[in-house]
Amino acid sequence: MKRVTLDEAAALTRAWRQQGQTVALANGAFDLLHVGHVRYLQGARALADRLVVAVNSDASTRRLKGVGRPVVPEEERAELVAALACTDAVLVFSEPDVRGVIRALRPDVHVKGTDYSPETIPERDEVLAYGGRVAVAGDPKDHSTSELVKRLGPSRG
């Protein structure tokens, strides 16, 4: 089962490392899953042997994206992300950022989308402090759930 708790993800990460595998962590809301999300996660997976994805909870997505978001509930968003071949484990988190997830998993590489640069990744200091690295993956930010929501109609925009 790919859908896991933070404790289960930490145990998986330890087991994979004992097998000599590297672990990448990606995160996001993944509301209205689109090709940009898929390319980001595929790019993140290409940077390590295993990929753990942290999905923002409904409450944290609302704080980040505003009223009317998310469109898709957290459990469904997590299920969709877990269905992708490039993901190995998916968890939902409620904090404003993924620092707590990073502390628990200590991924070899923390990966963000192309709306960041390695220097602007908010959790960069957390990752570098234990010897991990940060990276950017995916295609240019040509796809956006926020833009999709706006195109779908004024009731959600």
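Let's start with Val98, which is buried, its relative accessible area being 0%. Buried here means under 20% relative accessible area, with exposed being over 50% and partly exposed in between (1.4 Å probe, protein chains only). You'll find Val98 in the loop between strand E3 (89-93) and helix H5 (99-105). Those labels come from DSSP runs, numbered from the N terminus: helices are H or I runs of at least four residues, strands are E runs of at least two.

What does Val98 touch? Setting aside neighbours within four places in sequence, Val98 is in contact with Asn27, Ala54, Phe93, His110 and Glu123, where contact means heavy atoms within 4.5 Å. Leu25 sits 73 residues away from Val98 along the chain, yet their C-alpha atoms are separated by 9.5 Å.

A quick word on the model: it is predicted, so local features need pLDDT of at least 70 and side-chain atom pairs count only at pLDDT 80 or more, while totals for chains, interfaces and linings use all residues. Residues are numbered from 1 along each chain as its sequence is written, and side-chain values use heavy atoms, leaving out hydrogens and water.

Now step back to the protein chain, with its 7 helices and 5 strands. From the N terminus, the order is α-β-α-β-α-α-β-α-β-α-β-α. Of its 157 residues, 45% count as buried. Among contacts between residues at least 6 apart in sequence, 73% join residues at least 24 apart.

Helix H2 (residues 35-45) has its own buried set: Gly36, His37, Tyr40, Leu41 and Ala44. Seen down the axis of H2, these buried residues fall within an arc of 130°, so they line one face of the helix. That arc is taken from the directions from the helix axis to the C-beta atoms.
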